Amino acid sequence: SSDLNTLFAFSFDSGTTWKAYSDNRWVTLSEETSGMNRESVMSVGTDAWNEQLTDRQYKIRFALREGGFVNRITVHYLN
C-alpha cells in the first residue's frame, strides 16, 4: 500500500526509459521523480499493459514525496 502522493513509473526496457499512462497512451517521462499516482496505476486497462509487456518483464519505480510511503507493491495478473 502507498499514499496518494507517491508517484509510480514503469520501464519495459530494463530501465532505459520510464513511462506513465496518460490520456489513453504510454508516455515517456523525462524527470526522475515523475510518474502517476496509485489510483492512476490501478485504472490502466489490460490492453494497455499487454501493449507494453512484450517480453513479459518490467521494472517499477516509485518517487516518494515528503511524507510519502510505500509499504508493499501487489501485482495481480490475469491468466
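Let me start with Thr6, which sits in the segment before β1, the strand spanning 7–11. Please bear in mind throughout that this is a predicted model. Is Thr6 buried or exposed? Its relative accessibility is 0%, so Thr6 counts as buried, the cut-off for that class being under 20%.

Which residues surround Thr6, once its neighbours within four places in sequence are set aside? Thr6 is in contact with Met36, Asn37 and Arg38, with Phe62, Ala63 and Leu64, and with Gly68, Phe69 and Val70.

I turn now to the backbone. Most residues other than glycine have a negative phi. Against that background, two residues deserve attention. Ser14 is not a glycine, yet has a positive phi of about 60 degrees. Ser14 belongs to the loop between β1 and β2, the latter being 19–22. With a relative accessible area of 59%, Ser14 is exposed.

The second residue is Asp23, again not a glycine, with a positive phi of about 55 degrees. Where does Asp23 lie? Asp23 is placed in the loop between β2 and β3, and β3 covers 25–28. Asp23 counts as exposed because its relative accessibility is 69%, and the class begins over 50%.

Finally, the surface. Phe62, Leu64, Ile73, Val75 and Tyr77 form a nonpolar patch there, and together they have about 480 Å² of accessible area.

Notes: Residues are numbered from 1 along each chain as its sequence is written. This is a predicted model: local features need pLDDT of at least 70, side-chain atom pairs count only at pLDDT 80 or more; totals for chains, interfaces and linings use all residues. Side-chain values use heavy atoms; hydrogens and water are left out. Helices (H or I, at least four residues) and strands (E, at least two) are DSSP runs, numbered from the N terminus. Buried means under 20% relative accessible area, exposed over 50%, partly exposed in between (1.4 Å probe, protein chains only). Contact means heavy atoms within 4.5 Å. Patches are made of residues with over 30% relative accessible area and no salt bridge: like charges are joined within 9 Å, nonpolar side chains (Val, Leu, Ile, Met, Phe, Trp, Tyr) within 5 Å. Accessible areas come from the Shrake-Rupley method with a 1.4 Å probe; for residues, only the protein chains shown count as cover. A salt bridge is a side-chain nitrogen of Lys or Arg within 4 Å of a carboxyl oxygen of Asp or Glu.
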